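Subject: Structure handover

Hello,

Please find the structure below. My notes on what was found in it follow.

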Amino acid sequence: MCRELSGEAVPADVSSTTLLEERRALIGELNHRVRNMLQVVIGLCNQTLHRSSDLKQFETAFIGRVQALARAYELLSRDGWEKVGVGDLLHSQLAPYVPRHRYSVSGAEVNLTADAALGFGMALYELVTNAAKYGALSEPEGHINVTWRTERQSKHEGADSADASAAPSCLILQWIERGGPQVSAPARQGFGLELIQRQLQYQLHGKVTMDFLPMGLHVTLSVPVSEAVPNSKSPNQTQ
Amino acid sequence: MNAPPKILIVEDQYFVAVDCELHLRSAGMECVGLATTAASALDLAERERPDLIIMDIRLASRADGVAAAIVIYERLGIRCIFTSAHADELTHKEAERAHPLAWVDKPYSSHQLIAAVQHALDELDSNPPTSCVDTASSSHTVH
């Protein structure tokens, strides 16, 4: 990362050529990321348009998704574009739509890579939207509980999951809705929930399970540990 | 009736990949697979033998799309269109070893992509790939 951005003092004897090279590299990288993201937004626009019944529905869904991306970007920008804490990401995606007393989050500090933060950010937005339309947030007393943990998974199926030599580990996030209307599995899965499954599987090699329990939707998102960055403040964070 | 051209998409961003697939299908082409890594691109290319590959030069934040394209060209003789958000001169020069048929800069529209693909397919029709593929010549490793 560029020293200017990291806030480190630059020694006076560092040549201006080095600084110029760093600045060029930084601008090149920024150019790459902006153009890449614009292509993602075009894809998002087309996919949303393809699944919208009218322009009003398209506008709401498209802008909501772009804003979810923007919130994830905002958090990434705060930490040199390297990582985002799961808790911070959750608050960032839920707070604009859900009153604080209607959701709870708990889990040891774990950081997500940039790609994982963007993928999870989008997934959380889709879950909030779904909860507002059909789930816990469609009733005044509904509540959402989100928990997460890291877990070592054995190389051998069926072996003890606490095996210290087991690898790789997973980050598992559970989204549990309660207090909404009685739930039953939809005849046809909506685009938002389908999008979560496909995107996390494609981009993060993750897995999504959705249980439409009568008392509320229960979603489990899991991604390989390569998408989670150890937190320097609490190295032993696995619960 | 001729079989539709077979295209492999190598792109690590979900929305970009599925959008690209949608446009190819609308244009009457067959998408034989979506790959997110250089290794899966090589696997799919070997298995599906596409006519053409649409290859993002940077996969999972690494410039290994170029390395994958070179290995695929040298092993299988399959050429590609590179898509890129930003490529410096060095990358362009290195990528020439894959004999790309075109470069498409991101962000691109569906029309620009399909025009580039059709142009590339026309060129392949005019100059079909030869089988002068030397497996040993590939110095690149695909991860």
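Two strands are said to pair if DSSP finds at least two bridges between them. Helices (H or I, at least four residues) and strands (E, at least two) are DSSP runs, numbered from the N terminus.

The model is predicted: local features need pLDDT of at least 70, side-chain atom pairs count only at pLDDT 80 or more, and totals for chains, interfaces and linings use all residues. Residues are numbered from 1 along each chain as its sequence is written, while chains are lettered from A and ligands numbered from 1 in the order in which they are written.

Chain A

The secondary structure of chain A consists of six helices and eight strands. Along the sequence they follow the pattern α-α-α-β-α-β-β-α-β-β-α-β-β-β. Of the 239 residues in chain A, 30% are buried; a residue is buried if 20 or more other C-beta atoms lie within 10 Å of its own, exposed if 12 or fewer, and partly exposed in between, with C-beta atoms placed from the backbone.

Chain A has an open sheet of five strands in the order 2-4-5-7-6, and its pairing is mixed. Strand 2 (103–106) and strand 6 (207–213) of chain A are at the edges; each has a single partner strand, so one side of each is left without a neighbour in the sheet. On average, neighbouring strands of this sheet are turned by 15° against each other, direction ignored. Axes here are lines fitted to C-alpha atoms, for helices over the stretch in contact, and angles run from 0 to 180 degrees between N-to-C directions.

Four bridges link strand 2 of chain A to strand 4 (residues 143–152) of chain A in the parallel sense. Within strand 4 of chain A, A:T147 is the residue that A:S106 stands opposite.

Helix 5 (residues 114–133) of chain A lies across strand 4, strand 5 (169–178) and strand 7 (216–224) of chain A, and runs at about 175° to strand 7 of chain A. Helix 6 (residues 191–204) of chain A packs on the sheet and touches strand 6 and strand 7 of chain A, its direction making about 155° with that of strand 6 of chain A. Contact means that the C-beta atoms of two residues, placed from the backbone, lie within 7 Å.

Chain B

Chain B contains five helices and five strands, which run β-α-β-α-β-α-β-α-β-α from the N terminus on. Of its 143 residues, 43% count as buried.

The five strands form an open sheet in the order 2-1-3-4-5 in chain B, with parallel pairing. Strand 2 and strand 5 (102–105) of chain B are the edge strands, each pairing on one side only. The twist from one strand to the next averages 20°.

Strand 1 (residues 6–10) of chain B is mostly covered, with four of its five residues buried. It runs parallel to strand 2 (residues 30–35) of chain B, and five bridges join the two. From strand 1 of chain B the chain crosses through helix 1 (residues 14–26) of chain B to strand 2 of chain B, and this β-α-β crossover is right-handed; that is, with the strands pointing away from the viewer, the path from the first strand over the helix to the second runs clockwise. Strand 1 of chain B is also joined by four bridges to strand 3 (residues 52–56) of chain B, again parallel, and B:V10 stands opposite B:M55 there.

Strand 3 of chain B pairs in the parallel sense with strand 4 of chain B over four bridges. The bridge partner of B:I53 in strand 4 of chain B is B:C80.

Cores

A nonpolar core is a set of buried Ala, Val, Leu, Ile, Met, Phe, Trp, Tyr and Cys residues joined through C-beta atoms within 7 Å. The largest has 46 residues, of which B:V10, B:I53, B:A68, B:A69, B:I72 and B:C80 touch the most other members. Helix 3 of chain B gives the most to this core, with eight residues. A second, separate core has 41 residues, among them A:V84, A:A117, A:L137 and A:V146.

Between the chains

The contact involves 17 residues from chain A and 15 residues from chain B.

Regards
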